Amino acid sequence: MSAESSKMRDDFLTLARLALTDKSQDIPLFLNKVARKCRDGDPELSGELGSLVKAATSRSSALRREAGVPVPVDSDSRLHLLRIESPNPDAPTPVFAPEIGHQILSLVRERREIERLTSSGLEPTKSALFVGPPGVGKTMSARWIASQLGLPLLVLDLSAVMSSFLGRTGNNVRAVLDYAKRQSCVLLLDEFDSIAKRRDDATEVGELKRLVTVLLQEIDDWPPSGMLIAATNHSELLDPAVWRRFDLVVRFPSPAREDVARAIRRLLGDDEGVGAEWIDVLSIVLGDASYSDIAKRIVHLRRAAVLDELRLDDEIQKFVRQRVAELPRSEKLELAERLSAVSSISQRAASEITGVSRDTIRKRSAKSAGGPHG
Ligand SMILES: Nc1ncnc2c1ncn2[C@@H]1O[C@H](COP(=O)(O)OP(=O)(O)O)[C@@H](O)[C@H]1O
Ligand SMILES: [Mg+2]
């Protein structure tokens, strides 16, 4: 047999394997590879294959939607296991910390320019692990990515399914993964650490192991037509072997002060007339709150402003003064110093807000600016 026909034979077998082992999602990528390989030897075949793949991929998302596969339900309760969110072009863009903004944007860009990747034999990022404290935008980012791509977001809350009998959990998780694999979608496995957290009696250990094995295998094999995102607040519970399975790990930091101010500004909108100074004050007084705490606080303040018939400005000042009044002296001093370190806030304002004298603020600021020798 010639080298040529032996290669052809291998390709044919690969194609048969993909078609018959539930990997049909990977066929377009494989055919693209073949088309590239035979571009010089058989340009006609190469061109034909290329255009077949192109036509099929643009049709397939529409077809899959029409296929009408039923949403998986729990075998006992008959409740839906998945929350399905349609893409929403108006989904708000999260505030991204500089160190993760690029990672998230490239997840979107790779999909938008997927043809450039596949024509170079590359796949887009298929799986990502979002790690970080609660309320910093892990779920929101998954929703935003799906919306940017015009794909539905399928959410499986693992803390909910893991709470039931494990044998059932295994079936449920498998049903969801099977369902999600067959569509163009973003699948979010939320509260991913729930799997690791589960403490079992001896009879269930084997079952749990099997479930984890299935999950990890699925992460490896996730079809490039979809994206799998897992999110966790407790990264320390995850085995390093689990981390390694993901194409990308995004670590969401607690928001930095400037990002908190940006989030507040956005939540207030443009026309609320709240001065920059008070936004900065608020961003410091809220301290290390998560974005979700901040969002709730702003809504509270808006409601209060309406009911008190105050301007939002004044309501914010009222809130800040109440907060400060509750602080012990040492924290007031610290706050005064942090406030006066922000350029938009004068020492006089810092003093007025905290009740710490300007003299004291000046001395403390000079001391900390000068370091241990100052
Ligand atoms: N990065 C962010 N930018 C703007 N708002 C945010 C951000 N992160 C969280 N929020 C607000 O907090 C809410 C909850 O955030 P979520 O994404 O569910 O947090 P997580 O999944 O990290 O626990 C969001 O709906 C949004 O109102
Ligand atoms: Mg979340």
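The shell around ligand 1 is made up of eight nonpolar residues, four polar residues and one charged residue. In this predicted model, 13 residues surround the ligand, and the closest are Val95, Gly135, Lys138, Thr139 and Met140. Helix H6 (138-148) and helix H14 (291-308) each contribute at least two residues to this shell. Because domain 2 (83-251) and domain 3 (257-373) both give residues to the shell, ligand 1 lies between them.

Polar groups of the protein approach oxygen atoms of the ligand at several positions. A polar side-chain atom of Thr139 is placed 2.9 Å from an oxygen atom of ligand 1. For Met140, a polar backbone atom lies 2.9 Å from an oxygen atom of the ligand. At Ser292, a backbone N or O atom is found 3.4 Å from an oxygen atom of ligand 1. Taken alone, the ligand exposes 560 Å², of which the protein buries 75%.

Attention then turns to the packing of nonpolar residues. In soluble globular proteins, nonpolar side chains tend to be buried together. The largest nonpolar core of the model comprises 33 residues, and those with the most contacts inside it are Ile264, Val281, Leu282, Ile316, Val320, Leu339 and Ile345. At least two residues of this core are supplied by each of helix H12 (257-268), helix H13 (276-285), H14, helix H15 (312-325), helix H16 (329-340) and helix H17 (347-354). H13 provides the largest share of the core, with six residues.

Notes:
Residues are numbered from 1 along each chain as its sequence is written. Chains are lettered from A and ligands numbered from 1 in the order in which they are written. This is a predicted model: local features need pLDDT of at least 70, side-chain atom pairs count only at pLDDT 80 or more; totals for chains, interfaces and linings use all residues. Side-chain values use heavy atoms; hydrogens and water are left out. A residue is near a molecule or strand if one of its heavy atoms lies within 4 Å of it. A polar contact is a pair of N or O atoms within 3.5 Å; within protein, one must be able to donate a hydrogen and the other to accept it, and residues adjacent in sequence count only if both atoms are side-chain atoms. Accessible areas come from the Shrake-Rupley method with a 1.4 Å probe; for residues, only the protein chains shown count as cover. Helices (H or I, at least four residues) and strands (E, at least two) are DSSP runs, numbered from the N terminus. Ala, Val, Leu, Ile, Met, Phe, Trp, Tyr, Cys and Pro count as nonpolar, Asp, Glu, Lys and Arg as charged, and the others, Gly among them, as polar. Domain bounds come from an automatic or database domain assignment. A nonpolar core is a set of buried Ala, Val, Leu, Ile, Met, Phe, Trp, Tyr and Cys residues joined through side-chain atoms within 4.5 Å. Buried means under 20% relative accessible area, exposed over 50%, partly exposed in between (1.4 Å probe, protein chains only).
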